[in-house]
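The entries follow the order in which I looked things up.

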Amino acid sequence: GLRMGLNIRNGWKVIAGFLYGTKQFTHEYPVIQDNFLGTGKVNGQLTVLEAPLLLRYEFPDIHGLHLYGQAGIVTLVSIEENYEDRNPTSPVNAATLSRRVDPDLLEAETLTWNLNTYPGNVHLAVGMRYAFTDQMSIEVEPYFQQSLQKTKGSSALSYQKKLYTSGVGFG
């Protein structure tokens, strides 16, 4: 991806850019129907473009070490969303209704969506940049992102989820 910063005041920067990435999740859920109690499972994989708009504060450097904190919003545009739902009550798994079955052994129903927009994901990060020289440095940035909207998923299959992401960025 690409991120750019604009200095606006002593220690304060506005950061914007575009990043390409993937996000994956697994969610198990209880299934209750008539006298049946079982477990379903959803696997989701999203390929996304992220457009962050962040405000960063950089603390004064200590011998080439720059520490910072940043917060802001990130808009996600999903290039593709793939969902697999393994539900024991779906028609493809009708034979399993009389017994409990490991959700990984069930047949999956799949859905694919393209080009959905999820604005307003909250982004929080702390990080450090170490400058070896004026032209060369390394940056490490642990972050956390919480979506404010549910994924497209499927309201019919009941797996629209608000996702959170954590990770470490390197640069």
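I began with Tyr 164, which lies in strand 8 (residues 164–170); strands are DSSP runs of E of at least two residues, numbered from the N terminus. The model is predicted, so I noted that local features need pLDDT of at least 70, side-chain atom pairs count only at pLDDT 80 or more, and totals for chains, interfaces and linings use all residues. Residues are numbered from 1 along each chain as its sequence is written, and side-chain values use heavy atoms, with hydrogens and water left out.

Tyr 164 counts as exposed because its relative accessibility is 57% (buried is under 20%, exposed over 50%, partly exposed in between, with a 1.4 Å probe and protein chains only).

I then looked up the aromatic pairs and found four in the structure (ring centres of Phe, Tyr or Trp, the last by its six-membered ring, within 6.5 Å; planes under 30 degrees apart are stacked, over 60 edge-to-face, the rest tilted). One of them is Trp 12 with Tyr 57, a tilted pair at 4.9 Å centre to centre and 55° between the planes. Trp 12 is in strand 2 (residues 12–33) and Tyr 57 in strand 3 (residues 36–58), so this pair ties together parts 45 residues apart in sequence. Tyr 57 also pairs edge-to-face with Phe 59, at 5.0 Å centre to centre and 85° between the planes. I logged Trp 12, Tyr 57 and Phe 59 as one aromatic cluster.

Note on methods. Helix = DSSP H or I, 4+ residues; strand = E, 2+ residues; numbered from the N terminus.
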